Amino acid sequence: MIQDTTASMAEWRVKLRSTLGDDIVLSESDEMLPYCRDWHGDVTSNAVAVLRPRSTEQVAQAVKLCSELGLSIVPQGGNTGLVLGAVPDADANQVVLSLERMNRIRQIDADDFSAVVEAGCILSELKDAIAEKEMFFPLALGAQGTCRIGGNVSTNAGGINVLRYGMTRELIFGLEVVLPDGSIFDGLSTLRKDNRGIDLKQLFIGAEGTLGIITAVSVKLTPYPDQVATALLGLASLDDAIKLFRRARRDCCDLMSAFEFMPPLAFTLAKEAMPDLPIPIAADYPAYVLMEISGSGLVDIDDLMGRFLEAVMEEGIVLDGTLAASQTQARNLWLIREGMNEGQAKRGMHLRTDVSVKLSQLANFVAEAEKAVAEAVPGSTCVSYGHVGDGNVHLNVLPAAEAEPEQRLQQIYVAKGAINAVLDRYQGSISAEHGIGRLKRGDFEARLSPVRRHLLAALKQAIDPGMMMNPGCQLNFPANS
Ligand SMILES: Cc1cc2nc3c(=O)[nH]c(=O)nc-3n(C[C@H](O)[C@H](O)[C@H](O)COP(=O)(O)OP(=O)(O)OC[C@H]3O[C@@H](n4cnc5c(N)ncnc54)[C@H](O)[C@@H]3O)c2cc1C
């Protein structure tokens with residue numbers, strides 16, 4: 001049902017303003033622009049309005065009004081998502097509902113290792129507030145200074161600490177959600193054990209705003225890891241990196257909190273983004289691992305890392321390495337990892353993938369997929385890196401430098417097809433952590449079994465029969481399908 005005429009657009013805006021108040025509603029194009037453009041600036045869209053409520057009750061009121069007006073809603077957190085889930089479709093009757101003003105921490109409970117926080121709280125601010133109480137919220141990703149906890153929950157974000165602490169799903173006690181009919185699901189319990197039937201909060205984790213609007217989250221905390229050892233290591237291959245990972249899990253007693261794989265090109269890309277960044281290791285090893293172990297209390301992390309590195313270097317699994325001697329040095333090592341992302345962005349529009357296979361098959365998969373891309377798109381460059389320990393690799397493809405924008409798009413399309421063909425043979429996932437959004441909907445739907453599709457359709461129909469929540473994202477079910 002698309003009613004995007006100028007007349008109705010004006011009427012909608014008047015009605016939104018008169019009911020919700022001028023303070024809540026933005027409708028000028030320049031004001032709405034940051035909410036209608038994706039993180040990389042690849043897509044700029046448009047919306048009827050941007051709504052910025054300050055409370056759960058205001059969210060519920062906005063949802064009821066949108067339902068009456070026949071408007072659909074695209075929830076938005078920090079708008080750092082990489083699959084176009086938070087950016088509305090152009091020429092559709094959609095409003096963006098931003099949670100940015102709902103950013104209060106409602107409570108932090110040191111005795112229960114829990115906190116209750118509004119959905120619009122920026123992840124790094126939440127982590128800092130919790131660290132002040134000597135506790136830790138383990139979710140950590142490059143976008144943490146901008147992304148918001150409601151967005152993290154809605155994408156079931158991963159990040160660098162997954163191998164030790166799990167995805168966002170495993171860091172959540174409960175949720176408060178405004179449903180498409182405007183009612184409020186209060187599931188904000190902080191009980192650590194609660195087995196009363198179906199765990200409803202799970203429906204909304206990773207749903208990318210298609211079933212309701214998360215307005216608050218209760219999160220699980222852990223003791224603050226006040227000892228951290230960080231090392232950058234040079235290796236002969238990705239195969240050796242995986243060998244190292246298995247070894248580290250056992251030898252470091254599951255205290256490993258990050259294990260990132262990078263190719264040598266990482267240094268070039270990081271330098272393109274941050275020319276002054278120090279690179280404290282020779283840049284010509286075939287593979288690199290950025291590894292972190294951490295802990296609190298009586299355990300001696302520096303000693304553990306030292307003994308571990310000595311053993312794996314003696315055995316030849318690791319060829320070279322540098323151990324951070326200060327927090328600044330550790331931060332600089334992580335900046336290489338972050339800088340390589342920025343370096344890729346600086347090289348223009350490129351293919352970003354977020355795939356996973358079984359860890360035991362990762363090295364073979366990457367070799368085959370890179371070969372398939374080289375054959376399908378001569379002149380392109382593959383940049384394969386990622387969290388590795390959880391089988392997740394970002395196999396990105398930079399089109400040939402001289403390619404014009406149209407050719408770039410074509411090369412991206414062909415490269416994606418080549419990677420997905422290999423991925424399907426490995427029975428891998430097209431989305432290990434970023435979600436589906438609008439970008440991967442076609443690839444997602446094409447791989448759905450009839451039973452899974454039926455279950456998803458039934459769920460959507462039961463919770464959002466008017467199909468008003470984030471239509472176009474994840475699944476494209478028409479109303480009453
Ligand atoms: C530099 C960089 C590094 C990144 N690294 C990682 C990484 O390591 N791991 C990873 O998993 N992701 C990563 N991402 C992707 C992104 O940061 C995550 O997906 C993040 O969880 C999105 O949070 P957000 O608040 O920005 O959500 P948004 O982008 O605003 O929204 C994402 C989706 O969630 C929905 N949504 C947002 N808020 C709500 C809400 N309150 N209720 C219901 N639905 C909602 C939106 O409609 C959309 O579908 C990275 C992104 C960047 C730019």
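Gln427 lies in the loop between helix H13 (405-425) and helix H14 (441-446); helices here are DSSP runs of H or I with at least four residues, strands are runs of E with at least two, and both are numbered from the N terminus. The model is predicted, so local features need pLDDT of at least 70 and side-chain atom pairs count only at pLDDT 80 or more, while totals for chains, interfaces and linings use all residues. Residues are numbered from 1 along each chain as its sequence is written, and side-chain values use heavy atoms, with hydrogens and water left out.

Gln427 is not a glycine, yet its phi is positive, about 55°. At 74% relative accessibility, Gln427 counts as exposed. The classes are buried (under 20% relative accessible area), exposed (over 50%) and partly exposed (in between), with a 1.4 Å probe and protein chains only. Met467 also has a positive phi, near 55°, and is a residue other than glycine. Met467 sits in the segment after helix H15 (450-463). With 10% relative accessibility, Met467 counts as buried.

Helix H13 itself contains Gln411. Gln411 is buried, at 17% relative accessible area.

Helix H9 (residues 265-273) has Ala266, Phe267, Leu269, Ala270 and Ala273 buried. Viewed down the axis of H9, these buried residues fall within an arc of 165°, so they line one face of the helix. The arc is taken over the directions from the helix axis to the C-beta atoms. Several elements cover the buried residues of H9. Among them are the strands E12 (227-235), E13 (256-262) and E14 (287-295). Helix H11 (327-346) and the strands E17 (381-385) and E18 (392-398) are also included.

Phe267 belongs to helix H9. Its relative accessibility is 5%, so Phe267 counts as buried. Leaving aside neighbours within four places in sequence, Phe267 is in contact with Leu232, Ile279, Ile281, Ala283, Tyr288 and Ile336. Gly212 is 55 residues from Phe267 along the chain, and 42 Å separates their C-alpha atoms.

The ligand is surrounded by 35 residues, counted as near if one of their heavy atoms lies within 4 Å of it. The closest are Pro75, Gly77, Gly78, Thr80 and Gly81. By class, this shell holds 12 nonpolar, 20 polar and three charged residues. Ala, Val, Leu, Ile, Met, Phe, Trp, Tyr, Cys and Pro count as nonpolar; Asp, Glu, Lys and Arg count as charged; the others, Gly among them, count as polar.

For Gly81, a backbone N or O atom lies 2.8 Å from a ligand oxygen. For Gly85, a polar backbone atom is 3.2 Å from a ligand oxygen. For Arg148, a backbone N or O atom lies 2.8 Å from a ligand oxygen. The protein covers 94% of the 960 Å² of accessible area that the ligand has on its own, by the Shrake-Rupley method with a 1.4 Å probe. Strand E3 (72-76), helix H5 (149-155) and strand E10 (213-220) each give two or more residues to the shell. The largest share, five residues, comes from H5.

Notes:
A polar contact is a pair of N or O atoms within 3.5 Å; within protein, one must be able to donate a hydrogen and the other to accept it, and residues adjacent in sequence count only if both atoms are side-chain atoms. Contact means heavy atoms within 4.5 Å.
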